[in-house]
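User: I am new to this structure and would like to learn how to read it. Please take me through it one feature at a time.

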Amino acid sequence: MKRRILTREEWIARKRRRRRRAIATVGIMLLLIVALIAFLVFQIVKTNHNNDGVEQLASTLTKELNLKTDYLTPNPYSRPQTEINGIEGVVIHYTANPGTSAANNRSYFEGLAKKHTTYASSHYIIGLEGEVLQIIPLTEVSYASNERNKDTIAIECCIPDDTGQFNTATYSSAVTLTAALCVQFDLKEEDILRHYDITGKNCPKYYVEHADAWEQFLEDVMEKVKELKVLYKEQT
Ligand SMILES: [Zn+2]
């Protein structure tokens, strides 16, 4: 094919077109780079902000809840060290063993490693003085809530008598701890469950037998959630 020789005007026009195209390409690339940098900065700021929040909340709760950590020795019966599959809920239980303390119940779970009688545990145990003992890290499952072990945090509450009703100190810690977990893991009211809601087991007894008491518990937790969110905002 023979190439036609361009006129001077055509040659200038072609040169202009090429220049405009080059400028447009560089412009688009610059815009993309700026957008990418803005996105990365936003992500970094967001992550730091979230980490601050979780840490501050955790320290506030340690003070407010008298929370102590005493992890179980890893063993197949109560602390299998299975990784938890995201946290989608909190499950409330009662110990079914009136008068026992948080430490007593921890010993029971620890003892399963040797006794091999059953598979059982929970992440937290709340005692009769309102003391909170964390016995399993939140990165691992506990053996408390059957098919929901994989994605929920379990809280065992100690009880003073056979009615299964929590005393004031235990109740108050259960409300605060549940609310704190809701804030930390962005959970809603419907994510707060009784063991009963999963398997139909009469646990936590009093709050299965008294639906109004359970409704009140949920209401108290959501009220505390609001309070903690305000506290968190003030701290950041
Ligand atoms: Zn239970």
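User: How many helices and strands does the chain have?

Analyst: This is a predicted model, so what follows describes a prediction. The chain has 6 helices and 6 strands. In sequence order they follow the pattern α-β-β-α-β-β-β-α-β-α-α-α.

User: What domains does the assignment give for the chain?

Analyst: The domain assignment gives domain 1 (1-65) and domain 2 (66-235). Their C-alpha centres lie 47 Å apart. At the contact between them, domain 1 supplies 9 residues and domain 2 supplies 13 residues. The side of domain 1 that touches domain 2 consists of 4 nonpolar, 4 polar and 1 charged residues.

User: What share of the contacts in the chain join residues at least 24 apart?

Analyst: Among contacts between residues at least 6 apart in sequence, the share is 74%. Isoleucine 198 is in helix H4, and its C-alpha atom is separated by 7.2 Å from that of serine 145, 53 residues away along the chain. Neighbours within four places in sequence aside, isoleucine 198 is in contact with Val91, Ser145, Asn146, Glu147, Arg148 and Leu193.

User: Why does isoleucine 198 count as partly exposed?

Analyst: The test is a count of neighbours: a residue is buried if 20 or more other C-beta atoms lie within 10 Å of its own, and exposed if 12 or fewer do. Isoleucine 198 has 18 other C-beta atoms within 10 Å, so it is partly exposed.

User: Why is strand E5 described as largely enclosed?

Analyst: Apply that count to each residue of the strand. In E5 (residues 152-157), 6 of the 6 residues are buried, so the strand is largely enclosed by the rest of the structure. Thr152, Ala154 and Glu156 point one way, Ile153, Ile155 and Cys157 point the other way, and all are buried.

User: Which way do strands E2 and E3 run relative to E5, parallel or antiparallel?

Analyst: Look at the bridges and the strand directions. E2 (residues 89-94) is joined to E5 by 6 bridges, and the two run parallel. Isoleucine 92 has isoleucine 155 as its bridge partner in E5. E3 (residues 124-126) is joined to E5 by 3 bridges, and this pair runs parallel too. Here isoleucine 126 has cysteine 157 as its bridge partner in E5.

User: Why does the span of helix H3 agree with its number of residues?

Analyst: A helix is checked by comparing its expected span with the distance between its ends. At 1.5 Å a residue, the 17 residues of H3 should span 24 Å, and the end C-alpha atoms are 24 Å apart, so the two agree. Helix H6 (residues 211-235) passes the check as well: its 25 residues should span 36 Å, and its end C-alpha atoms are 36 Å apart.

User: Which residues of H6 are buried, and how many of H3 are?

Analyst: An α-helix has 3.6 residues a turn, so residues three or four places apart point the same way. In H6 the buried residues are Phe217, Val221, Val225 and Leu228. H3 is mostly covered, with 12 of its 17 residues buried; among them are Val175, Leu177, Leu181 and Val183.

User: Where do aspartate 186 and asparagine 66 lie, and what is the phi of each?

Analyst: Most residues other than glycine have a negative phi, and most peptide bonds are trans. Aspartate 186, in the loop between H3 (168-184) and strand E6 (192-194), has a positive phi near 55°. With 8 C-beta neighbours inside 10 Å, aspartate 186 counts as exposed. Asparagine 66, in the loop between helix H1 (8-65) and strand E1 (67-69), also has a phi near 55°. Asparagine 66 is partly exposed, with 14 other C-beta atoms within 10 Å.

User: Which residues does a cis peptide bond join?

Analyst: The cis bond joins cysteine 203 and proline 204, with omega about -5°. Proline 204 lies in the loop between helix H4 (195-199) and helix H5 (205-209).

Note on methods
Residues are numbered from 1 along each chain as its sequence is written. This is a predicted model: local features need pLDDT of at least 70, side-chain atom pairs count only at pLDDT 80 or more; totals for chains, interfaces and linings use all residues. Domain bounds come from an automatic or database domain assignment. Two residues are in contact if their C-beta atoms, placed from the backbone, lie within 7 Å. Ala, Val, Leu, Ile, Met, Phe, Trp, Tyr, Cys and Pro count as nonpolar, Asp, Glu, Lys and Arg as charged, and the others, Gly among them, as polar. Helices (H or I, at least four residues) and strands (E, at least two) are DSSP runs, numbered from the N terminus. Two strands pair if DSSP finds at least two bridges between them. The expected span of a helix is 1.5 Å times one less than its number of residues.
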